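Colleague: I'd like a quick tour of this one. Keep it short, please.

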Amino acid sequence: MDGANTSATPLLAVDGVSLEYRTPERIVRATHRVSFDVFAGDRYVLLGASGCGKSSLLKSVAGFVPPREGEIRLAGKKVDQPGPDRIVVFQEFDQLPPWKTVRENVMFPLLASRKLGRKEAAERASHYLAKVGLADFADAHPHTLSGGMKQRVAIARALAMQPQILLMDEPFAALDALTRRRMQEELLALWDEFRFTLLFVTHSIEEALVVGNRIGLLSPHPGRLRAEINSHQFGLHSQGGVAFQETAQRIHRLLFEHEAGDVARAQDAANAALSDAADLHRRAA
Ligand SMILES: Nc1ncnc2c1ncn2[C@@H]1O[C@H](COP(=O)(O)OP(=O)(O)O)[C@@H](O)[C@H]1O
Ligand SMILES: [Mg+2]
């Protein structure tokens with residue numbers, strides 16, 4: 001499966017993308033020449049420490065942050081603005097307008113993008129709400145729901161749009177551990193049913209291994225793509241297993257060995273400076 005995919009044209013091509021923010025005081029480089037391809041049906045995870053540019057990359061794919069260098073293409077077409085073919089699910093629980101009911105929240109982008117009329121939008125909303133287990137909450141308002149339920153609404157709203165690619169930015173990071181695990185399980189079950197293409201951002205190695213079939217590892221600030229790992233063999237039930245732990249450790253080394261290398265180089269430089277100083281001292285004496 002994975003081997004067959006690689007010969008195909010990627011659905012999403014992130015090609016040498018550098019992202020920068022300009023503030024009045026300085027320019028912040030968030031990512032440096034990041035390239036990766038996502039194929040149809042992939043669950044591609046961007047994994048890296050906080051501040052390495054994951055959200056920036058996702059926002060750039062969504063069309064909100066233009067690349068300073070490089071290009072992003074979706075189905076061969078350059079991304080230069082947001083569009084209904086890319087829908088983002090965020091971490092925050094307040095991504096649902098509170099004055100709309102759950103069903104209205106799911107219907108809203110369908111109506112706003114003129115994808116469907118009211119009746120069809122309502123039907124599609126009910127369909128996807130049932131898929132995330134919220135059929136009984138369609139007429140509730142978001143503030144009456146738990147964090148996990150709100151994220152289910154956000155997922156139903158995204159899936160109902162049937163985007164070409166679903167973008168998720170640490171969608172479960174603010175949930176308690178048990179709910180988070182259940183949400184990962186439900187996301188994988190939804191993927192089994194709909195086979196959507198997913199670009200998923202996380203800073204958790206375990207979550208990356210469970211959710212992804214491929215993982216792109218980003219080095220710390222500014223983010224560069226350090227390596228790609230195949231993780232299709234891992235799921236919720238391999239957590240704690242030997243192969244899972246070994247891969248998690250390998251990823252940890254890949255993410256942080258660069259910094260270890262920097263420390264070693266800094267120590268070498270410091271030692272060299274000390275011995276130079278000692279030489280000078282000896283000569284002076
Ligand atoms: N709007 C912004 N203005 C200035 N700097 C920003 C902005 N958004 C993000 N950054 C900076 O860009 C870098 C990457 O941020 P981000 O993409 O949010 O990382 P991550 O999602 O991996 O934690 C960080 O150094 C962050 O401070
Ligand atoms: Mg982020």
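Colleague: Start with Leu-167. Which residue is its bridge partner in β8?

Modeller: Leu-199 is the partner of Leu-167. The two strands, β7 and β8, run parallel and are joined by 4 bridges. Strands pair if DSSP finds at least two bridges between them. Strands (E, at least two residues) and helices (H or I, at least four) are DSSP runs, numbered from the N terminus.

Colleague: Before I go on, what am I looking at?

Modeller: A predicted model, where local features need pLDDT of at least 70, side-chain atom pairs count only at pLDDT 80 or more, and totals for chains, interfaces and linings use all residues. Residues are numbered from 1 along each chain as its sequence is written, while chains are lettered from A and ligands numbered from 1 in the order written.

Colleague: What is the average pLDDT of the protein chain?

Modeller: It averages 91, and 88% of the residues score at least 70. pLDDT is the predictor's confidence in each residue, from 0 to 100. Residues 1-5 stay under 50. Where pLDDT is low, the predicted coordinates should not be read in detail.

Colleague: Back to β7. Why is it largely enclosed by the rest of the structure?

Modeller: Because 5 of the 5 residues of β7 (165-169) are buried. Buried means 20 or more other C-beta atoms within 10 Å of the residue's own; exposed means 12 or fewer, partly exposed is in between, and C-beta atoms are placed from the backbone. Ile-165, Leu-167 and Asp-169 point one way from β7, and Leu-166 and Met-168 the other way.

Colleague: Now Leu-198. Buried or exposed?

Modeller: Buried, because 22 other C-beta atoms lie within 10 Å. Leu-198 lies in β8 (198-202). Not counting residues up to four places away in sequence, Leu-198 touches Asp-42, Arg-43, Tyr-44, Leu-166, Met-168 and Trp-191. Contact here means C-beta atoms, placed from the backbone, within 7 Å.

Colleague: How many residues surround ligand 1?

Modeller: 13, and the closest are Tyr-21, Ala-30, Lys-54, Ser-55 and Ser-56. The cut-off is a C-beta atom, placed from the backbone, within 6 Å of the molecule.

Colleague: Which element gives the most to that shell?

Modeller: α2, with 3 residues. β2 (27-38) and α2 (54-62) each supply at least two.

Colleague: What classes of residue are in the shell?

Modeller: 4 nonpolar, 8 polar and 1 charged. Ala, Val, Leu, Ile, Met, Phe, Trp, Tyr, Cys and Pro count as nonpolar, Asp, Glu, Lys and Arg as charged, and the others, Gly among them, as polar.

Colleague: Last one: how many helices and strands are in the protein chain?

Modeller: 8 helices and 10 strands. Of the 285 residues in the chain, 38% are buried.

Note on methods
Two residues are in contact if their C-beta atoms, placed from the backbone, lie within 7 Å.
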